[in-house]
Structures are given as structure tokens and as C-alpha cells.
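Work through the exercises below with the sequence and the model at hand. Each task is followed by its solution.

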Amino acid sequence: MQDKANLEIFLKELEELLNEIRKEQIKIGKNVDEYHKVNMRNFDRLKIFNEICDMTNQIFERRICNIEEALKELIKKQ
């Protein structure tokens with residue numbers, strides 16, 4: 001009889017532990033989803049930043065090219 005009671009107590013404790021594990025897994029899953037959303041927003045911001053840098057670099061390249069062309073014209077005139 002006592003073995004059966006001990007087994008029931010053990011099973012109840014085991015069930016409680018399993019419920020805690022399930023709750024923790026749900027919590028971890030929610031955290032992972034939130035972190036994923038935050039990371040995706042940050043990646044979008046980085047993408048926009050890189051596009052802005054690319055546009056800025058293109059403008060500087062055009063300006064440098066124009067300066068080089070102007071210098072070439074000056075050298076030809078001399």
C-alpha cells in the first residue's frame with residue numbers, strides 16, 4: 001500500500017515538473033519570437049543604412065569623376 005502511495009506522490013511531482021517545463025518552453029518560444037521580430041527590424045534598418053551609404057558613395061564617385069575630368073581638361077589646355 002505504501003509503495004502505491006509513494007508512486008502516486010512521485011507521479012504527481014513528476015506531473016508538476018512537466019507542467020513547469022511546458023510553461024518554460026512556452027515562455028522561451030515567446031521570447032524567441034520577440035527576439036526574431038527585433039532582429040528583423042534591425043536588419044531592415046541596416047539594409048536601409050547600407051542603401052543610404054551606397055547612394056552617398058555614388059554621389060562622391062560622380063563628384064570625384066567630375067573633378068578628374070575637369071583636371072584633365074585643364075591639363076590639356078596648358
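Buried means under 20% relative accessible area, exposed means over 50%, and partly exposed lies in between (1.4 Å probe, protein chains only). The model is predicted, so local features need pLDDT of at least 70 and side-chain atom pairs count only at pLDDT 80 or more, while totals for chains, interfaces and linings use all residues. Residues are numbered from 1 along each chain as its sequence is written, and side-chain values use heavy atoms, with hydrogens and water left out.

**Exercise 1. Overall form**

Determine the secondary structure of the protein chain and how spread out the chain is.

Solution. Start with DSSP runs: helices are H or I runs of at least four residues, strands are E runs of at least two, and both are numbered from the N terminus. The protein chain has one helix and zero strands. Next, take the radius of gyration over C-alpha atoms and compare it with the globule rule, 2.2 Å times the number of residues to the power 0.38. The value is 33 Å, well over the 12 Å that the rule gives for 78 residues, so the protein chain is more spread out than a compact globule. Along the principal axes, its C-alpha trace spans about 115 × 15 × 5 Å. Finally, check burial: of the 78 residues, 0% count as buried.

**Exercise 2. A salt bridge**

Solution. The criterion is a side-chain nitrogen of Lys or Arg within 4 Å of a carboxyl oxygen of Asp or Glu. The count comes to one salt bridge.

For a distance along the helix, take Arg41, which lies in helix H1. Arg41 is partly exposed, at 43% relative accessibility.

**Exercise 3. Cysteines**

How many disulfides does the structure hold?

Solution. A disulfide is a pair of cysteine sulfur atoms within 2.5 Å. The structure holds zero disulfides. Cys53 is partly exposed because its relative accessibility is 29%, and Cys65 is partly exposed at 37%.

**Exercise 4. Placing a leucine**

Locate Leu18 and classify its accessibility.

Solution. Leu18 sits in helix H1, which covers residues 2-77. Its relative accessibility is 39%, so Leu18 counts as partly exposed.
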